[in-house]
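This report describes the fold shown below, from its sheets and helices to single residues of the backbone.

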Amino acid sequence: MELLKGKPAADKINERTAAMAQELLSKDIVPTLAILRVGSNPSDMAYEENAVKKAKSLGIHVEKYIMDIKSDESDVLDVLKIINDDENIHGVLMFRPLPKGIDEDRVRNHLSPAKDVDGITDAALGGLFTGNMGGFPPCTAEAAMTILKFYGIELAGKKAVVIGRSLVVGKPVAMMLMAENATVTVCHSRTPKEDLQASCLDADIIICATGKLNTLTEDCVNGKQVVIDVGINFDEEGKMCGDADFEAVKEEVKAITPVPGGVGGVTTALLMHHTVAAAKASHNA
């Protein structure tokens with residue numbers, strides 16, 4: 001079993017980002033990321049903490065907009081307008097899903113496309129789905145693809161299974177895999193267990209992206225698969241873990257990303273890179 005650590009891939013991205021940020025700072029342009037979080041989901045907060053630390057190390061300023069879980073849709077839209085109107089903010093990380101009662105599609109599409117560094121608007125997703133990418137792709141989906149490419153894992157002609165169908169990871173990464181000429185099967189919460197198992201056993205690559213513990217179990221692997229575990233969960237002891245039952249499957253797969261230490265760091269690196277690129281574009285620098 002090969003452990004596909006994210007740090008080497010993230011380090012290469014961060015090196016480029018730091019150089020770009022320093023160039024902007026020398027022109028008195030401070031790349032700035034706004035973080036919008038409604039509520040206190042533990043996985044969101046863990047990602048946020050890492051993002052703030054990484055931004056600081058790269059010369060990127062962070063503005064945090066933390067809202068109460070009871071905030072309604074108009075409250076979120078008001079904050080989003082403030083962010084959109086602030087010329088000093090170049091990129092936005094908005095945690096999803098938003099609380100029940102808020103129309104997430106409406107809210108995410110109120111974000112200025114120029115500041116959509118995590119590929120959440122229809123404008124960005126439409127470009128991804130048509131192959132005419134003008135903005136930035138979703139960072140987590142891009143991170144999964146970045147790790148596969150970094151480790152030289154062949155995609156063309158391979159069978160890939162994506163477990164999850166969200167706009168955050170599942171659907172975008174399926175599109176990205178097809179763009180690399182992989183044959184893609186998408187499974188999800190309504191896929192019968194026996195069908196999920198059969199699809200995974202026939203796969204070369206498995207992307208776990210459900211956000212649920214033990215989605216991928218030992219009976220779904222047979223020693224030949226490469227597993228990219230996108231999930232961030234916490235077990236009963238408060239330990240961070242992924243969607244895969246790591247201890248059970250790690251010796252039964254060809255390669256796997258750890259959690260933590262896998263996709264998360266690359267996702268953060270790409271978010272920072274997109275933010276600096278957006279800052280550069282906004283100032284024509």
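A residue is called buried under 20% relative accessible area, exposed over 50%, and partly exposed in between. The model is predicted. Asn214 sits in the loop between S7 and S8, and its phi is positive, about 55°, although Asn214 is not a glycine.

Asn181 counts as exposed because its relative accessibility is 53%.

| Cis peptide bond | Omega |
|---|---|
| Arg96 and Pro97 | about 5° |
| Val259 and Pro260 | about 0° |

Pro97 belongs to the loop between S4 and helix H4 (104-108). Pro260 lies in the loop between strand S11 (255-256) and H10.

**The sheet of six strands**

An open sheet is formed by 6 strands in the order S1-S11-S8-S7-S5-S6, with parallel pairing. S5 and S6 run parallel and are joined by 5 bridges. Ile163 has Cys187 of S6 opposite it. H7 lies across S5, S6 and S7, and runs at about 170° to S5.

**The sheet of three strands**

Another open sheet has 3 strands in the order S3-S2-S4, and here too the pairing is parallel. The edge strands are strand S3 (61-67) and strand S4 (91-94), each of which pairs on one side only. On average, neighbouring strands of this sheet are turned by 20° against each other, direction ignored. Strand S2 (residues 32-38) pairs with S3 in the parallel sense over 7 bridges. Leu33 has Val62 as its bridge partner in S3. Helix H3 (residues 73-85) lies across S2, S3 and S4, at about 165° to S3.

In soluble globular proteins, nonpolar side chains tend to be buried together. The largest nonpolar core of this model has 32 residues, of which Leu148, Leu177, Ile207 and Ile228 touch the most other members. The elements that give two or more residues to this core are helix H1 (7-25), helix H6 (139-150), strand S5 (159-163), helix H7 (170-179), strand S7 (205-208), strand S8 (226-229) and helix H10 (263-282). H6 gives the most to this core, with 6 residues.

What does Ile228 touch, not counting residues up to four places away in sequence? The residues are Leu4, Ala144, Ile147, Leu148, Ile206, Ile207, Cys208, Thr257 and Val263. Apart from this core lies another one, of 22 residues, including Leu33, Val62, Phe136 and Ala279.

**The contact of H6 with H10**

Two packed helices are described by the angle between their axes and the distance between the axes. The axes of H6 and H10 come within 8 Å and cross at roughly 115°. This crossing is right-handed. On the H6 side, the contact is made by Cys139, Thr140, Glu142, Ala143, Ala144, Thr146 and Ile147. On the H10 side, it is made by Val263, Val266, Thr267, Leu270, Leu271 and His274. Together the residues of the contact comprise 8 nonpolar, 4 polar and 1 charged.

**Val117**

Val117 is located in the loop between H4 and helix H5 (122-130). Is Val117 buried or exposed? Val117 counts as buried because its relative accessibility is 0%. Leaving aside neighbours within four places in sequence, Val117 is in contact with Leu33, His90, Gly91, Val92, Phe136, Pro137, Cys139, Leu271, His274, Thr275 and Ala278. Among these contacts, Leu33 is the residue whose bridge partner in S3 is Val62. Cys139, Leu271 and His274 also take part in the contact of H6 with H10. Val117 and Leu93 are 24 residues apart in sequence, and their C-alpha atoms are 7.2 Å apart in space.

Note on methods:
Residues are numbered from 1 along each chain as its sequence is written. This is a predicted model: local features need pLDDT of at least 70, side-chain atom pairs count only at pLDDT 80 or more; totals for chains, interfaces and linings use all residues. Side-chain values use heavy atoms; hydrogens and water are left out. A nonpolar core is a set of buried Ala, Val, Leu, Ile, Met, Phe, Trp, Tyr and Cys residues joined through side-chain atoms within 4.5 Å. Buried means under 20% relative accessible area, exposed over 50%, partly exposed in between (1.4 Å probe, protein chains only). Helices (H or I, at least four residues) and strands (E, at least two) are DSSP runs, numbered from the N terminus. Contact means heavy atoms within 4.5 Å. Two strands pair if DSSP finds at least two bridges between them. Axes are lines fitted to C-alpha atoms, for helices over the stretch in contact, and angles run from 0 to 180 degrees between N-to-C directions. A crossing is left-handed if the near helix is turned anticlockwise from the far one by less than a right angle, and right-handed if clockwise. Ala, Val, Leu, Ile, Met, Phe, Trp, Tyr, Cys and Pro count as nonpolar, Asp, Glu, Lys and Arg as charged, and the others, Gly among them, as polar.
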